There are 2 protein chains.
Amino acid sequence: MSKKVLIVGGVAGGASTAARLRRLDENLEIIMFERGEYISFANCGLPYYIGETIEERDALLLQTPEAMKARFNIDVRVNNEVLKIERDKKQIQVKNLLTEEVYNESYDYLVLSPGSTPLKPPIPGIDSPNIFSLWNIPDTDKIKDYVDNQRPKRAVVIGGGFIGIEMAENLYDRGLEVTIVEMADQVMAPLDFEMAQIVHQHIKSKDVKLHLKDGVKEFQYNNGITTIVLQSGRTIDTDMVILSIGIKPQSKLAIDAGLDVNQRGGIIVDDNLRTSDDSIYALGDAIEVVDFMNGNKTMIPLAGPANKQGRITANNIAGREEKYKGTQGTSIAKVFDLTVASTGHNEKILKRNGLEYGKDYKTSIIHSKSHAGYYPGAFTMSIKLIFDLKGKILGAQIVGYEGTDKRIDVIATAIRFNGTVYDLKELELAYAPPYSSAKDPTNMAGFTAENILKGDLDVIQWNEIDNIDKNSSMIIDVRDEVERELGYIQDSINIPVDQLRDRLSELDKEKEIIIYCAVGLRGYIAARILKQNGFTKVRNLSGGYTTYSCVFC
Amino acid sequence: MSKKVLIVGGVAGGASTAARLRRLDENLEIIMFERGEYISFANCGLPYYIGETIEERDALLLQTPEAMKARFNIDVRVNNEVLKIERDKKQIQVKNLLTEEVYNESYDYLVLSPGSTPLKPPIPGIDSPNIFSLWNIPDTDKIKDYVDNQRPKRAVVIGGGFIGIEMAENLYDRGLEVTIVEMADQVMAPLDFEMAQIVHQHIKSKDVKLHLKDGVKEFQYNNGITTIVLQSGRTIDTDMVILSIGIKPQSKLAIDAGLDVNQRGGIIVDDNLRTSDDSIYALGDAIEVVDFMNGNKTMIPLAGPANKQGRITANNIAGREEKYKGTQGTSIAKVFDLTVASTGHNEKILKRNGLEYGKDYKTSIIHSKSHAGYYPGAFTMSIKLIFDLKGKILGAQIVGYEGTDKRIDVIATAIRFNGTVYDLKELELAYAPPYSSAKDPTNMAGFTAENILKGDLDVIQWNEIDNIDKNSSMIIDVRDEVERELGYIQDSINIPVDQLRDRLSELDKEKEIIIYCAVGLRGYIAARILKQNGFTKVRNLSGGYTTYSCVFC
Ligand SMILES: Cc1cc2nc3c(=O)[nH]c(=O)nc-3n(C[C@H](O)[C@H](O)[C@H](O)COP(=O)(O)OP(=O)(O)OC[C@H]3O[C@@H](n4cnc5c(N)ncnc54)[C@H](O)[C@@H]3O)c2cc1C
Ligand SMILES: Cc1cc2nc3c(=O)[nH]c(=O)nc-3n(C[C@H](O)[C@H](O)[C@H](O)COP(=O)(O)OP(=O)(O)OC[C@H]3O[C@@H](n4cnc5c(N)ncnc54)[C@H](O)[C@@H]3O)c2cc1C
Ligand SMILES: CC(C)(COP(=O)(O)OP(=O)(O)OC[C@H]1O[C@@H](n2cnc3c(N)ncnc32)[C@H](O)[C@@H]1OP(=O)(O)O)[C@@H](O)C(=O)NCCC(=O)NCCS
Ligand SMILES: CC(C)(COP(=O)(O)OP(=O)(O)OC[C@H]1O[C@@H](n2cnc3c(N)ncnc32)[C@H](O)[C@@H]1OP(=O)(O)O)[C@@H](O)C(=O)NCCC(=O)NCCS
């Protein structure tokens, strides 16, 4: 007799599992349960439908129950909530939300892909009618309807993660005055502080207000207007609020059934995505995964991993053993005109894990053109690369425009192969002027990192500059004189790099020499000149004045 | 005493070597000789300056002798041709082309980066005044001047390589009626035949004429007009001709000096880029390199390798041993709105090397959206992946629009790590709707290849369809009925995939079933249904009707 597979959750992880399972096995009985009205919807597209970049609501629905039946012979039950897993009987209890009927369904294999759900902390006033979260199609309909019909003028987004920022952009596109409130000192947590500053500047350049290091104390709703009282005491009046402060796994089913979960409620699975019950698999946002970077356990709720885990789950159920090798956390977001991307670990994570800059890892920041500078339309992207002392790439962050996505994908690929910065410098990438430079930015990041590791270049970070001892050091600005008009570091002396060889006598060999230029390249050349002329302590400002001024100006 | 390094050639390889060498060693005496008037020019940008996409001529000059002196303390001698290498005396003979003075210069190390030069076969009439080659700034000035001032209406480009095609595009941009003549049956040699068809269609859609499988017999110049007599007998009248039929290494210096060269005149170097003379290094277009894909010797004249070899040459001279690990031939070109890219080997190369389809390697062709289909602006790209039977990636070709460069770079990176198609499917790339899909096209290429390798999917190629035995096989078109209106394969029967399970009785189990859909995805699903319903011989058309019709329609 053919086996019976039940799937809980009909979107990224669930639907992918179902489709692959059918391709592998025509004879399985497959039933997919979805509490909501829709399956296979484009979660990630929701903000853009609200912003009307995606014009047709139908475009969000990648599959329907009918189509899924016709193509894959899958019994899809929308509006059916799985209430309980009765592991001893290998059955689940399901409620048809339309008829209120409750029934049981038996299984040989059960797949849990219930996803996560937005956090909604018990802040006073949080249930006001103009406060929204965005997670699914009904949420989307509610928000879009409100914008279309109530014509709010102002919106406040609470939370500067990628969904919050996407909502800020899309509401801005709809003509609203938008404010973002974020508890941390930066938006976009995957970025380190100095990289996030580029994003802050860009957001502000759009006249979107940004309140950092401030949380919500209370919402006061009055006649269509919500007054947000912040912890700082500041108040903001707004016509609508988007709450986007984090998510938690929807693992109640699993917990109630006694499956192993971690402290955050993440369902624990083995390498084959099997839970502590051999007949039950779990995947997607709801599970704990292996951090590809260091083998630790973590949770990384993203669509790419969920989709791929679906395929692996199906393979395992169909008897084709396959391991999920972990998630490295590659992510990307469009932030107005900017692209913000990262892969692997950032410095914040490394420090949290007890690693120390200089001892356990080093970093380099470069600013490179997206394609050959002489071909029109090239934009600068900022790349922060983090690597251990053997050169192994630990993570990368890129903020830029065109071509940012390409470079993060190249580095993400290198990471997947446990690549080093030495590998980056050798990558043979496609070059013609409209696409890149003969030395691609990822090559350049590799070169720079190599120079740092080999001791050819000592760097100083943006946050160390203001702490240097002014008596025992000199700061040399090697840019051209005109460039100083746009700003410079206090107490720096200007000696353009091209004059340096002739003006060595102006420098004090006893002192540490701190060099900077616009991005780090001329500073590096200057540092090389000094180092070989008897200056023993020379450091170049990583990322140059571009990075420094992002933080301080 | 400090060592003296002489460099022959002041552009991609030469100037890169010089700059890196100075960064490594302030004390070296470095002299760079360039026969032409300019150094460090953007060879790759030349066509775009003629087409006026690049507006300023100065933008093409990345360095000048003066700036190179100021920044790098390098003695740059333009208009100085190196005539001879006297290895026994470790000196070269140089001619100052302005003063005609001939002088000697001694060296500790000599670096040869003389590049290549366009082929100019002895075709009658080839020296006519309106026949041009494009290789350097003077060539560019000549062509641009001719277009600006003679206002030609028609141009013929001889040779459909990337430079020829770039010239065709740029002359088209200047308003000329353009014809391309190519001896082979396709343009863009890095592509296999069926992939090149997409390019042919695109070129023709721009009203650029394309004469394939035809060569030039004779040029007849008469009063500003050249009549091109082709081998087929066809004649074309034109106001100007761009000759772009290939290049050869400028290795005369090396040959005369008795350095080892290969049959094509490529200078032979070891892993450290040292020639058969210990004191002489060579790099760039002029050398023979190791083919990264199979370790064979080959010649791959591209700017990325030349620039990187420059850095490695400098490292070796400065006593930091570094190996050049070979060239994999990653290349890309903009062809009007299309992007055409490839990395590694194509099928033509494999066959030339004696490898056999099915026995030594397999291929997959997919057509994927550049980013999530529901987010506006997604374009289809066609990916051909070639892999050996263990899954090792042997090469990839991609033709598409946005995001083509990204995917070739990701695959090129995987190749650099000796990656397999199984690695491709696991790559964790950056996903948000404007950039990609939860399963990136490169993942999808990996999945499809895996299915082929594991025997879940047997494919038939576009060129096998017309040879199948009609008596022992059936061709099933699993697209929707309306899709057939745009064309279909002769003798195919239409059974939309969603009806297939109910219409199995219409098929003959004794026959081989050939399935096709638009791109291959529905065909794959249909093939899975049949295979599991007792049909033993089922093949799906690789790339679907999209690939097939490109070739045949
Ligand atoms: C607005 C938004 C934008 C996003 N953008 C991106 C992005 O750009 N890139 C990216 O990588 N990720 C993005 N994500 C995250 C991505 O969508 C998720 O990581 C992914 O959908 C997780 O897949 P899943 O299968 O675990 O959960 P989901 O896709 O959320 O599916 C879970 C489904 O299970 C159903 N369910 C739960 N419990 C039950 C039950 N007891 N009975 C029946 N059904 C149940 C739920 O109703 C839900 O529909 C975004 C998410 C949102 C909300
Ligand atoms: C129009 C055009 C477009 C291109 N587009 C691309 C592209 O998009 N992508 C890509 O990867 N590559 C492209 N290339 C190829 C790329 O430019 C070359 O591969 C690269 O420049 C090779 O570097 P090289 O140092 O070997 O030679 P070159 O850069 O050509 O430099 C060699 C120099 O040596 C000088 N020289 C030779 N002999 C002597 C002598 N005896 N004495 C003194 N000087 C001498 C020559 O005058 C020449 O200036 C393009 C080339 C051209 C012409
Ligand atoms: C719509 C949905 C059910 C599709 O699942 P799917 O069928 O596994 O995925 P796709 O349609 O992308 O098809 C992938 C399959 O086609 C195959 N394929 C793709 N192109 C092919 C081609 N040209 N020839 C042959 N096979 C091809 C792949 O190999 C893969 O099959 P496999 O997994 O058996 O190897 C699922 O992705 C979904 O529900 N998505 C919406 C929810 C979501 O992901 N949200 C988060 C992101 S917004
Ligand atoms: C212009 C030219 C001389 C420059 O050579 P170059 O100085 O080696 O190259 P770049 O200017 O790109 O600088 C690269 C160096 O800057 C360093 N660098 C880049 N960004 C940096 C940063 N932010 N901080 C510190 N160092 C940085 C790199 O590490 C590298 O140094 P290294 O090789 O010592 O490690 C040479 O590329 C040339 O002549 N090009 C034109 C010809 C040509 O290439 N044609 C074909 C393509 S059109």
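Biologist: Which residues of helix α3 (residues 65-72) of chain A are buried?

Modeller: They are A:Pro65, A:Met68 and A:Phe72. Please keep in mind that we are looking at a predicted model. Buried here stands for under 20% relative accessible area.

Biologist: What makes you say that the buried residues of α3(A) line one face of the helix?

Modeller: Look down the axis of α3(A): the buried residues fall within an arc of 65°, so they line one face.

Biologist: Which residue just after α3(A) takes a positive phi?

Modeller: That is A:Asn73, with a phi of about 50°.

Biologist: How many Å separate the C-alpha atoms of A:Glu56 and A:Glu347?

Modeller: The two C-alpha atoms are 41 Å apart, and along the chain the residues are 291 residues apart.

Biologist: Now the ligands. Where does ligand 3 lie, and which residues come nearest?

Modeller: Ligand 3 sits between chains A and B. Around ligand 3 there are 30 residues, of which A:Arg20, A:Arg23, A:Ser40, A:Arg311 and B:Tyr524 come nearest. To be listed around the ligand, a residue needs a heavy atom within 4 Å of it.

Biologist: What makes the pair between A:Ser40 and ligand 3 a polar contact?

Modeller: The cut-off is a pair of N or O atoms within 3.5 Å. A polar side-chain atom of A:Ser40 lies 2.8 Å from an oxygen atom of ligand 3. From chain B, a polar side-chain atom of B:Asn451 is 2.8 Å from an oxygen atom of this ligand. For A:Asn307, an N or O atom in the side chain is 3.1 Å from an oxygen atom of ligand 3.

Biologist: How much of the accessible area of ligand 3 does the protein cover?

Modeller: On its own, ligand 3 has 970 Å² of accessible area, and the protein covers 90% of this.

Biologist: Which element gives the largest share of the shell around ligand 3?

Modeller: α1(A) does, with six residues. By class, the shell has 18 nonpolar, eight polar and four charged residues.

Biologist: Where is ligand 4, and which residues are closest to it?

Modeller: Ligand 4 also lies between chains A and B. Its surroundings comprise 31 residues, the closest being A:Tyr524, B:Arg20, B:Arg23, B:Ser40 and B:Arg311.

Biologist: How do you know which side chains make polar contacts with ligand 4?

Modeller: We hold each distance against the 3.5 Å limit. An N or O atom in the side chain of B:Arg20 is 2.7 Å from an oxygen atom of ligand 4. For B:Arg23, a polar side-chain atom lies 2.7 Å from an oxygen atom of the ligand. For B:Ser40, the distance to an oxygen atom of ligand 4 is 2.8 Å. The protein covers 91% of the 970 Å² of accessible area that ligand 4 has on its own.

Biologist: And which element contributes the largest share of the shell around ligand 4?

Modeller: Six residues come from α1(B), the largest share. The shell divides into 19 nonpolar, eight polar and four charged residues.

Conventions:
Residues are numbered from 1 along each chain as its sequence is written. Chains are lettered from A and ligands numbered from 1 in the order in which they are written. This is a predicted model: local features need pLDDT of at least 70, side-chain atom pairs count only at pLDDT 80 or more; totals for chains, interfaces and linings use all residues. Side-chain values use heavy atoms; hydrogens and water are left out. Buried means under 20% relative accessible area, exposed over 50%, partly exposed in between (1.4 Å probe, protein chains only). Helices (H or I, at least four residues) and strands (E, at least two) are DSSP runs, numbered from the N terminus. The arc is that of the directions from the helix axis to the C-beta atoms. A polar contact is a pair of N or O atoms within 3.5 Å; within protein, one must be able to donate a hydrogen and the other to accept it, and residues adjacent in sequence count only if both atoms are side-chain atoms. Accessible areas come from the Shrake-Rupley method with a 1.4 Å probe; for residues, only the protein chains shown count as cover. Ala, Val, Leu, Ile, Met, Phe, Trp, Tyr, Cys and Pro count as nonpolar, Asp, Glu, Lys and Arg as charged, and the others, Gly among them, as polar.
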